[in-house]
Amino acid sequence: MRTTARRIRLVASAAMLATALSTGAAATAAPHAPVVAAGAVAPAAVAPAAAAQASWPTVKPGQRGVDVTTVQLLLTARGHATKADGVYGSGTTAKVKTFQKAQHLNADGIVGPATWTRLVTALKAGSKGTAVKALQHQLTANGHTVNADGTFGPATTAKVKAFQKAHRLTADGIAGPATWAALVRGGGNGGGGGTPGGGGKLSDAQASARLKAAGISRVSSGNCTDRNRKNCTSLQGIRVGTVNGVIALKKKSGCKITITGGTETNHAGGTYSHWNGYKVDISRTPCVTNHIQSHAKKHHKRRDGAWVWRVTSGGKTVVDYADERWANHWDITYY
């Protein structure tokens, strides 16, 4: 009996030692393996596609401008020939719906994130066709002027790289999803023509060149650019974000944009002022007014009587449009 009991104890000890060694080996092999309790679900990784979709704008019937032209050219490139007139009318709506049905998407005729990701295609040096034309139109609208000839040559490659560098993207000269999304956003937040972050400042010549390339002009009663003279229209010291915002407004609205006030003296002071590069005045045309009032929200009336229309994103104010009717211009602040 004593011998049998001893054998049982030896077998049990050996089993315990084997278990300990096995556990130690497993711990050594995977010292940081997470422990998930029974019935619990391990956290899922964020899907890259979901993050990408959140960055695309929405283009819908009734809109005009380069984003509409882009949709039309991309539809043609995808086999749904569409007139590229920059007007989102019934014809474009029908083509979008047909494309969406073919892609098994919700056929609502609105180009949102899911439709954008199916429309765009990666383009690089050597690519040709209407998709390249769409890319070239977008580059020009974003201040990187290039001939829209439908050929992805050295000039287009250089402009793509310049745009990518300006927007902190990998400057490889290839127009992939991230570059397309940044282009059609115009750096903006929604149809109101908001602005991306851009605290750096530009010289008058730099700002003028960017705006001119985007088809934006400026006028001055004194025909001058000296910011220390009140009858001049100066862009000296204007913020990059403000310039990008004006370009985005031009791009989204399809309107003629004329700057009538910049960073020159004789404007109201404050942190978010003309002098500090946050504000511009633009001519109050029917096209501009209709676009602003359609895409921004009427918010409050200033003490001088000007109604302010506001664009917000994530609970933060992105841009304020003050309707200074008496001066026949919109006083715009890009935050």
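A disulfide is taken here as a pair of cysteine sulfur atoms within 2.5 Å. The model is predicted, and local features need pLDDT of at least 70, side-chain atom pairs count only at pLDDT 80 or more, and totals for chains, interfaces and linings use all residues. Residues are numbered from 1 along each chain as its sequence is written, and side-chain values use heavy atoms, with hydrogens and water left out.

**View 1. The chain as a whole.** The chain holds eleven helices and nine strands, where helices (H or I, at least four residues) and strands (E, at least two) are DSSP runs numbered from the N terminus. Of its 335 residues, 42% count as buried; buried means under 20% relative accessible area, exposed over 50%, and partly exposed in between, with a 1.4 Å probe and protein chains only. The accessible surface of the chain comes to about 17500 Å², of which carbon and sulfur atoms account for 55%; such areas come from the Shrake-Rupley method with a 1.4 Å probe, and for residues only the protein chains shown count as cover. Among contacts (heavy atoms within 4.5 Å) between residues at least 6 apart in sequence, 55% join residues at least 24 apart.

**View 2. The disulfide of Cys255 and Cys287.** A search of the whole structure finds two disulfides, one of which joins Cys255 to Cys287 with an S to S distance of 2.0 Å. The torsion about this S-S bond is -80 degrees, and the link of Cys255 and Cys287 is left-handed. Because Cys255 lies in the loop between helix H10 (240-253) and strand E4 (258-261), while Cys287 belongs to helix H11 (residues 286-295), the pair ties together parts that are 32 residues apart in sequence. Cys255 counts as buried at 1% relative accessibility, whereas Cys287, with a relative accessible area of 36%, is partly exposed.

**View 3. The disulfide of Cys224 and Cys232.** The sulfur atoms of Cys224 and Cys232 are 1.9 Å apart and form a disulfide. The torsion about the S-S bond of Cys224 and Cys232 is about -105 degrees, so this disulfide is left-handed. Both Cys224 and Cys232 are buried. When the bonded cysteines of the chain are numbered in sequence order, the pairing reads 1-2, 3-4.

**View 4. The largest nonpolar core.** A nonpolar core is a set of buried Ala, Val, Leu, Ile, Met, Phe, Trp, Tyr and Cys residues joined through side-chain atoms within 4.5 Å. The largest such core has 30 residues, of which Val71, Leu74, Val111, Trp116, Leu123, Leu135 and Trp180 touch the most other members. Two or more residues of this core come from each of helix H3 (66-77), helix H4 (90-102), helix H5 (113-119), helix H6 (130-141), helix H7 (154-166) and helix H8 (177-185). Another core lies apart from it and has 28 residues, among them Ile238, Ile247, Val288 and Tyr334. In soluble globular proteins, nonpolar side chains tend to be buried together.

**View 5. Surroundings of Trp116.** Leaving aside neighbours within four places in sequence, Trp116 is in contact with Trp56, Pro57, Val59, Asp67, Thr70, Val71, Leu74, Val111 and Val184. Rings of Phe, Tyr and Trp (its six-membered ring) pair if their centres lie within 6.5 Å, and planes under 30 degrees apart count as stacked, over 60 as edge-to-face and the rest as tilted; by this rule the count comes to four aromatic pairs. Trp56 and Trp116 form a stacked pair, with 5.7 Å centre to centre and 20 degrees between the planes. This pair links distant parts of the chain, since Trp56 is in the loop between helix H2 (48-53) and H3 and Trp116 in helix H5, 60 residues apart. Trp56 counts as buried at 7% relative accessibility, as does Trp116 at 0%.

View 6. Tyr272 and Tyr335 form an edge-to-face pair, 4.9 Å centre to centre with 70 degrees between the planes. Tyr272 lies in the loop between E4 and strand E5 (279-283) and Tyr335 in the segment after strand E9 (329-334), so the pair ties together parts that are 63 residues apart in sequence. Tyr272 is partly exposed, with a relative accessible area of 42%, and Tyr335 counts as partly exposed at 33%. Ring pairs link Tyr272, Tyr278 and Tyr335 into a cluster.
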